[in-house]
Structures are given as C-alpha cells and as structure tokens.
Amino acid sequence: MPKVYVTQIPHRRDGATGSLVPAFNLTPAEEHGELVVMMPPQAAFHATGELVRQLDDKLQKYNYDDGDTVLLLGDTTLVAATAALLGKLRAKFTVLRWDRNLGRYTRVVICA
C-alpha cells in the first residue's frame, strides 16, 4: 500500500475545551495511501541539523514507484527541509495539493 508522508499535522486550540485538536481533516488524503506523520504537532525546529537527520531517516523508505506521496503541512522550516531532502535523494517525487474545486487532494509530480 502506498504511503502518504505528512510532514506535520498543524493543531489549533479548541475554543470549547481548550485542548489542542488537529487543524485539518486529513481523511481525504487517505485515498492516496497510509498516513505516516513525520513530526509531532508542537515540535520547534531550532536545531536544523537534527531536524534534517530525523527527516532523512523517515524519508529513506519513500518510494516514488510504489506510489508514495508527501503532504507538506506545518512548520515552514520542516516543509522546506522535506522538499530539499527529497529533491536531493530522488529524481522525482509526488506531493499532494488540495484542490478546493474538487474537494480532494490531487497528486503533483516534482522533478528535481
């Protein structure tokens, strides 16, 4: 089964309970594969060397030919580092882009 590598699931504070809840419903992304969340929602990325190492470890199993995709959400440093790593590690990779007209995610191939 293909995997959807989610960089990070952004959270927001629920007004009624005060607890943190996901800011997005990622159920539509599951039509593209099993969700694999790479980083926790409240992680801060001040030590970029460690961030890149952790991402590199997670992305080693990414396989374009198996239909794997990436959903770039969350901290912009994390999004940029993920795209840079995939561009360096792979000749091409696929990201999911939300199409509001269709109401679902569509695949976009990025050629490095």
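In this predicted model, a salt bridge joins the side chains of R53 and E50, at 2.6 Å from N to O. It is one of four salt bridges found in the whole structure.

- R53 and E50 are three residues apart in helix α1, so about one helical turn separates them.
- The side chains of D57 and R53 also form a salt bridge, at 2.8 Å from N to O; these two residues lie four apart in helix α1, again about one helical turn.
- Through shared partners, E50, R53 and D57 are joined into one network.
- R53 is partly exposed at 43% relative accessible area, E50 is partly exposed at 34%, and D57 is partly exposed at 46%.

- K3 and E34 meet through their side chains at 3.7 Å, N to O.
- K3 belongs to strand β1 (residues 3-8) and E34 to strand β4, so this pair ties together parts 31 residues apart in sequence.

**Nonpolar cores**
- The largest nonpolar core has 14 residues, and those touching the most other members include L51, L55 and L86.
- Helix α2 (76-89) is among the elements that supply at least two residues of this core, and its share, four residues, is the largest.
- Another core, of nine residues, lies apart from it and includes V6, L26, L71 and L96.

**Strand β5**
- T69 is found in strand β5 (residues 69-71) and is buried, at 0% relative accessibility.
- Beyond its sequence neighbours within four places, T69 contacts residues including K3, Y62, L96 and R107.

Technical notes:
Residues are numbered from 1 along each chain as its sequence is written. This is a predicted model: local features need pLDDT of at least 70, side-chain atom pairs count only at pLDDT 80 or more; totals for chains, interfaces and linings use all residues. Side-chain values use heavy atoms; hydrogens and water are left out. A nonpolar core is a set of buried Ala, Val, Leu, Ile, Met, Phe, Trp, Tyr and Cys residues joined through side-chain atoms within 4.5 Å. Buried means under 20% relative accessible area, exposed over 50%, partly exposed in between (1.4 Å probe, protein chains only). Contact means heavy atoms within 4.5 Å.
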